[in-house]
Amino acid sequence: MRLGAILPQDPYFMPTLSRTLILFTSIIFVVAYTHASANEDVQGRVIDAANKSPLQGTTVVLASPQDSTIKFGAITAKSGSFAIKNVPPGPWRLSISFIGFRKYSSTIFIRSSNVDLGTIALQQDTVSTKTINVEADAAAVQVKGDTTEYNSKAYKTNVNASAEDLVKKMPGVNVEGGTVTAHGEDVRRVLVDGREFFGDDPSSTLRNVPADMVDRVQVYDRGSDMSMFSGFDDGNTQKTINLITKRERRKGEFGKFYGGYGSQERYAAGATFNYFDGPQRLVVLGLSNNINQQNFSAQDIVGSMGIGGPAGRLVNRFASSSAGQRMITSRSGSGFGGRGDFGNLFVSQQNGVTTTHALGTNYSNAIGDDVNLSGSYFFNYADNGNKSSLNRDYVTPKDQFYTERNDAVSLNRVHRLNLRVEATIDSLNSLILAPRFTLQDGSSFTGSFGETSNKGVLLSTTQTNNSILNLGIVGSGSLTFRHRFGNDGRNVAFTVNTDANSGTSNGDLVSSNEFSGIDSVFALDQISTQRVKSSTYSGTVAWTEPIFKDGLLQVSYTPSVTQSTSDKLTSSFNSTTGSYSTTDTLLTNNFKNTYTTQRTQALYRWQGENTIITAGAAYQFADLTGQALFPASDRIVRTFNNVLPSAMWQQKFSRSSNIRLRYSTSTSPPSVSQLQNVVDNTNPIQLKLGNPNLVQDYTHNLSLRFINSDWMSNRSMFAFVSISLTNDYIGSTSVVTAADTTVNGILLPPGAQITAPQNLDGYISIRSRFSYGIPISFIPSNVNLNTGINYSRVPGLVNGFENFANTTVVRAGFFLSSNISEDVDIIASYDGQYNIVVNSLQRERNANYFTHNASGRLIWNIGAVACSTDVSNTFYTGLGPDYDRVYTVWNAGLGYRFFDNNAGELRITVFDLLRQNDNVGRSVNDIYVEDSQSSVITRYAMLTFTYDLKSLSDPQMNTPH
């Protein structure tokens, strides 16, 4: 484990780590202590004065006489009893109300001991009325055990809002760039009424479920299928959102159809159709546009196989000289990227301008009482064009820069099919079957021009044109079965998983490279083919046994084997034969890799009334075998023995307040591409090598989460801190040249770079998030205040010297959403980030920068007229004169509604009124700091017709507001 080995000696780290830990642990425990310890409890019992029977569901409220917004409350239990926890000492106004009874009011004084109000009898209200209207503020947030539940009635949205618009208003939930986070963690699944909806894609579900269909929103940590079957939390959880629909919306047909055309030949069309009949639900989606609405899912675009932009160029090298073999590489010719698996195919939206055509359908149903079935299919077509530029400032050599300009086009298609079957065989046996399938293919062409200079002196230039064709197939499946031995908690669960993928990438490269140090120009004309295959087979058997009082013991065994192959052939043009008949052995290779693990784990969980403690450890034996078949035969054998401890503590201070502390450890092996001792291409003047001496990394992760929600005052607080420390982190060792340099027998000309993976200690990542939600009464609205500190420390070797790239991001902002009415929706938000970049090498080159985004939106419906406008201001400073930006994007629209129930709307919208839209960014690693800029869509106007379909079982729901 060697935890101490990764604690860095860099003096920058310890103050940053200490400040972060002290700040957030102090906030959490001070608040926890304040709520859990400093105050007193008030208890009592409510009965019917007439027959002395207990009154369940009675509302009991304590309000401060000085500030009526300060309230504490409870709901009586079946026995009529209630308990209000953690009430500060002082005078309080007590009110007890129940429909059909007279309201009870009194003043009590809480001193230094708990208060027992005894039995309070309510008198029946004898006033006869035909109608009783009860009005009260909806409880916005409640904490129910491990689940945080939001009431949609507390968050008003406009009539056409989606569930994404709704959850944005909820404290602790953030939606940005297609990524959904809750309480500081990424949301992996969004369910509808507890069932799968659009597979495991959160954004698709939130964007396509209407907000007015949602009754409640639940946020919780969903366990794996294995843990849900065994009833034992094994730590393999996913942050999950469950949308609970309104009962009256669970039967009927509803949807939306729209089409629009505008200036610059911009167009957008789409349709959403939903058929709900209790548990049977069918959803069909479609869209077609050229305005960068790219897909339903962030998973649908192929991007990591060398397609498009600066990441899309194939292999490159030039001729040898008497001093040694000279080589240059370009970016990701083979594609298959990163750690060399097909998971990298699933990437976020592409930069540039994209034309998209997409179709999706989802079906779910309950077959009888014992089987739940859900399945989805998606097709996505994306045609992307992007002009981009970048500027790299190297950590070392001093004053060395690289600039690049790219012009890229790509065409990508993807098919995704998911299926899930949950079956209860009988009272003791149940199973889950979940197969998945993905087919992706695409093509691209990229032209690029790059220059490297040092102290203003040009070292090299490269001009590259390449085209790539890709095809990838991914299939996976899991089967989980559980058998219970009665009702005492004893059970056994089995799961089998399989993953297989296969991909092919064919490339054509023409490149011209000039180096000033040797005053030479080298031309290159090559084709290449790479085939990658990988398959994983794994399974788990887990036995859960009740042991001691309130305790459970789980013992599990998990074997796994992964086999990967990479076969790459690169051929150069032979002018003598007029064909690509010359094999480039330095860029041709055949490599096989097998990674086998056997893991045995024992976990014990004790559960008290308010406390859950889980602790245990796993022993893992791993065997890593790699075999190079071409151009040279070589064999790599590695074995690893690890002890992987884990622990978790959960404490409930009250019904609305709890804390969770979790510690876990894990390992990760190097990929097949990282182990290959062959050249790979990343840039015409940058090349990569493999490292057969790599070992697996070992990571410690510690996370702390605190939640407090006061349902009476509608105030809520969420705090989250996560710290990861990694031994043997697979980082990089790089040589960046300012003159001719020989590395591993390869002569690098001036301005070139060679990089290889290397195991390094000292990797650290800290993420934190603090959110506080509070209602504002003078303008009916909710405000979420957010702040956090993220820190990363990435080790690397640059020109033989150790460098730590320290990046600290201090973030603060707010999100204000109105609760005025469905006809007036106001949103204002601000997010500011101050970035501190410190490299241990050449600290005089460090540069801090600041970014912010301030935005506002107004939707105002006046009868049949619908007005909308939104403004976003983005500010970058500290990036340098070429990339510092201040720009404002302003959109505005005016619509008129007609037909019965205002089902039709004709709207004119102008996008980017000020014509200032831009796209810049910065990335930092242990080798360089990179600023980039890419194409965007600027001002255009569009006329759109929309038709709302609503045919629901409740007639009132068919009429829009």
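Visitor: In which strand does Leu94 lie?
Guide: This is a predicted model. In it, Leu94 lies in strand S5, residues 90–97.

Visitor: Why is Leu94 called buried?
Guide: Buried means under 20% relative accessible area. Leu94 has 2% relative accessibility, so Leu94 counts as buried.

Visitor: Which residues does Leu94 touch, not counting residues up to four places away in sequence?
Guide: Val60, Val61 and Leu62 are among them. Tyr104, Ser105, Ser106, Ile108, Leu117 and Ile120 are touched by Leu94 as well.

Visitor: On to the rings. How many aromatic pairs are there?
Guide: The count comes to 14 aromatic pairs, taking ring centres within 6.5 Å as the rule.

Visitor: What makes the pair of Phe548 and Tyr604 edge-to-face?
Guide: The angle of the planes decides, and over 60 degrees counts as edge-to-face. Here the planes stand at 70 degrees and the centres are 6.4 Å apart, so Phe548 and Tyr604 form an edge-to-face pair.

Visitor: Which parts of the chain does that pair link?
Guide: Distant ones, 56 residues apart. Phe548 is in the loop between strand S25 (520–546) and strand S26 (551–574). Tyr604 belongs to strand S28, residues 589–607.

Visitor: How do you know whether Phe548 is buried or exposed?
Guide: Exposed means over 50%. Phe548 has 71% relative accessibility, so Phe548 counts as exposed. Tyr604 has a relative accessible area of 27%, and is therefore partly exposed.

Visitor: What makes Phe911 and Tyr940 a stacked pair?
Guide: Stacked requires planes under 30 degrees apart. The planes of Phe911 and Tyr940 are at 20 degrees, with 4.6 Å centre to centre. This pair also links distant parts of the chain: Phe911 in strand S47 (residues 904–911) and Tyr940 in strand S50 (residues 940–952), 29 residues apart.

Visitor: Why does Tyr940 count as buried?
Guide: The cut-off is under 20%. Tyr940 has 6% relative accessibility, so Tyr940 counts as buried. Phe911, at 26%, counts as partly exposed.

Visitor: Which residues form one aromatic cluster?
Guide: Tyr896, Phe898, Phe899, Phe945 and Tyr947.

Visitor: What sits over the ring of Phe804?
Guide: The charged end of Arg793, 3.5 Å from the ring centre. The distance limit is 6 Å. Arg922 lies over the face of Tyr849, at 4.7 Å from the ring centre.

Technical notes
Residues are numbered from 1 along each chain as its sequence is written. This is a predicted model: local features need pLDDT of at least 70, side-chain atom pairs count only at pLDDT 80 or more; totals for chains, interfaces and linings use all residues. Side-chain values use heavy atoms; hydrogens and water are left out. Helices (H or I, at least four residues) and strands (E, at least two) are DSSP runs, numbered from the N terminus. Buried means under 20% relative accessible area, exposed over 50%, partly exposed in between (1.4 Å probe, protein chains only). Contact means heavy atoms within 4.5 Å. Rings of Phe, Tyr and Trp (its six-membered ring) pair if their centres lie within 6.5 Å; planes under 30 degrees apart count as stacked, over 60 as edge-to-face and the rest as tilted. A charge sits over a ring if NZ of Lys or CZ of Arg is within 6 Å of the ring centre and within 35 degrees of the ring normal.
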